[in-house]
Amino acid sequence: MTNYRRFRVPGGVYFFTLRLEDHARTLLTDHIDPLRAAFRAVRTRHPFEIDAIVILPSHLHCLWSLPENDSDYSRRWRQIKSNFSKAIPADETISESRRRKNERGVWQRRFWEHTIRDHRGYATRFDYIHYNPVKHGFVDRVKDWPYSSFHRCVRLGVYPEDWCGGGGLEDLDLEER
């Protein structure tokens, strides 16, 4: 087995991207309630804060803050992915490699992670997450995408409701790094 190296900071903040194995599927939004339940179950056993999140049909982005002295985000993702996969119908194509390992074919095996090092990195990714449904053409206005922490951020006064509401983001650096 490959020893996949990841940078870990106890109590750190991380940006993640997770994708379905089949990018044409829309499992995440089609089965939003089991996905939410998977997050809730894992957060109960292994607490963490979801600072920002967006769920798109075939992938998701989020920012997590882990508890002090804890850097085990991999365990959390493994359990979220497993709980979600067990909760949805088994109708996906499964490769022979996955079949030998008794795995489902729902998620890509790994995920992309970036450790947040400063406020600018946090703010850039926070905005990137919330703008993502517009970037991918699912909606014209950020506020129109239902599967996003944007709505919570509006209630908390972080964003105005019309943030990036149809205009561009010319002044924001939203490059995914």
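**Close-up views of a predicted model**

Figure 1. The structure is a predicted model, in which local features need pLDDT of at least 70 and side-chain atom pairs count only at pLDDT 80 or more, while totals for chains, interfaces and linings use all residues. Residues are numbered from 1 along each chain as its sequence is written, and side-chain values use heavy atoms, with hydrogens and water left out. The side chain of Arg141 meets that of Asp144 in a salt bridge (2.8 Å, N to O), a term for a side-chain nitrogen of Lys or Arg within 4 Å of a carboxyl oxygen of Asp or Glu. Asp144 is likewise partly exposed, at 34% relative accessibility. Elsewhere, salt bridges with shared partners join Glu21, Arg98, Glu103 and Arg109 into one network.

**Figure 2. Two further charged pairs.** Side chains of opposite charge can pair when their charged atoms come close. Arg109 and Glu103 form a salt bridge through their side chains (3.0 Å, N to O). Arg109 is partly exposed at 41% relative accessibility, and Glu103 is partly exposed at 29%. In the other pair, a salt bridge joins the side chains of Arg75 and Asp72 (3.4 Å, N to O). The relative accessible area is 36% for Arg75, which is partly exposed, and 29% for Asp72, also partly exposed. The count of salt bridges comes to 11.

**Figure 3. The second largest pocket.** A pocket is found on a 1 Å grid over the protein atoms alone, as an open set of points where a 1.4 Å probe fits, with protein on both sides within 12 Å along at least five of seven lines; lining residues have an atom within 4 Å of a point. The second largest pocket has a volume of about 340 Å³. Its lining comprises 14 residues, of which Arg36, Phe39, Ile50, Ile53 and Ile55 are the closest to its centre. A volume is the space filled by probe spheres set on the points, and grid points are joined across faces, edges and corners. The helix α2 (32–45) and the strand β2 (49–55) each supply at least two lining residues, and α2 gives the most, with 6. Helices (H or I, at least four residues) and strands (E, at least two) are DSSP runs, numbered from the N terminus.

**Figure 4. The nonpolar cores.** A nonpolar core is a set of buried Ala, Val, Leu, Ile, Met, Phe, Trp, Tyr and Cys residues joined through side-chain atoms within 4.5 Å. The largest has 27 residues, and Trp64 and Trp77 have the most contacts inside it. Two or more residues of this core come from each of β1 (13–19), α1 (27–30), α2, β2, β3 and α3. The largest share is that of α2, with 5 residues. Another core lies apart from this one and has 20 residues, including Phe15, Leu56, Ile129 and Val139.

**Figure 5. Two asparagines with positive phi.** Asn69 is not a glycine, yet its phi is positive, about 65°. Asn69 lies in the loop between β3 (59–65) and α3 (73–87) and is exposed, with a relative accessible area of 66%. Asn102 also has a positive phi, near 55°. Asn102 is placed in the loop between α4 (96–100) and β4 (112–115) and counts as exposed at 72% relative accessibility.

Notes:
Buried means under 20% relative accessible area, exposed over 50%, partly exposed in between (1.4 Å probe, protein chains only).
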